[in-house]
Amino acid sequence: MGLRLTVQVQLVLQALLRDPAKEMYGLELSEETGLQPGTAYPILLRLEHEGWVTSRWEDVDPRAEKRPARRYYRLTAGGAVQASAALAGARRPRDTALRRLAQGDGIA
Amino acid sequence: MMPAIDPRYDARKKRARVAMFITAGAIVVSSALDGTRFSGWRWVTWVLGLTLIIVFCAISMNASGGLRGSLGCGRGRAVGDRSDGLVAHRWHGLVMVSRIMPGPAGRRWLAEADSMLWEIAAAQRAAAVRSYLVSGPRLAAVMWAYEGLRWVRPGPRHPG
């Protein structure tokens, strides 16, 4: 199954690419992208399935921390390269379309 | 994880469900063994109807933490510390949705939803739960598709 680069996927990738080495947990990503957690989760799952992202459970004692463990996500080395390329590729047609619109070519 | 409910009431409810489950099971077995009790094919409808009751009871027992999932207590959380009644009500929905996902993936989804809902601002919690509920069934389909792919193309397994 290929990865469709929707606007939401791009938002998640941009957030992760800001600091590819940094691990982010779901709520952090959700706040960064403005996406609802229920929307961000399937995207992260797909990215993980494609091997772009890796995740792990936080190693804490929930009782000591008084909160459940978080699931942390991070871009893999290959994922960071692929995400950058995909975002650049997604930006190009959009920029071209915007340029055309600005020049009046896209208006019928 | 649940709103503050009288534990005795909760226990009574659970006992009633278990009793219903056992009774329905006993009736199904006796009907199946003694088909002569009903004329013609009438016993089939009985068995089907009671099987549905058993499935419903089993699901509701699951949802109330009777069998697995335990309302998000799987990651060391104590029952009785979620105060938002509306969210607690919808939490049952999340548990139900997690049941239609493949086992480990469903548990992970539920645990992550639990973690997220714990930390999210109270004002945003209901919307977050709704987003999980809305995306859940579609996500379940995706997860099953991944499971299917694993069967078709055996290889390194992704974490569930």
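Q: How many residues of chain B are in contact with chain A?
A: This is a predicted model. On the chain A side, 17 residues take part in the contact. On the chain B side, the number is 21.

Q: Which helix gives the largest share of the side of chain B that touches chain A?
A: Two helices of chain B, α4 (103-119) and α5 (122-152), each supply at least two residues of that side. One of them brings nine residues, the largest share. That helix is α5(B).

Q: How many residues of the side of chain B that touches chain A are nonpolar?
A: Five residues there are polar and five are charged. The nonpolar ones number 11.

Q: Are α4(B) and α5(B) roughly parallel or roughly antiparallel to each other?
A: Their axes come within 11 Å and cross at roughly 165°. Angles over 145 degrees have their own class. The two helices are therefore roughly antiparallel.

Q: Which charged residue is in the contact of α4(B) with α5(B)?
A: α4(B) brings B:A105, B:A113, B:M116 and B:L117. α5(B) brings B:R125, B:A128, B:V129, B:Y132 and B:M143. By class, eight are nonpolar, none is polar and one is charged.

Definitions and conventions:
Residues numbered from 1 in each chain as written. Chains lettered and ligands numbered in written order. Predicted model: local features only at pLDDT ≥ 70, side-chain atom pairs only at ≥ 80, totals over all residues. Contact = placed C-beta atoms within 7 Å. Helix = DSSP H or I, 4+ residues; strand = E, 2+ residues; numbered from the N terminus. Nonpolar A, V, L, I, M, F, W, Y, C, P; charged D, E, K, R; others polar. Axes fitted to C-alpha atoms, helices over the stretch in contact; angles between N-to-C directions. Parallel < 35°, antiparallel > 145°, perpendicular 65-115°, else oblique.
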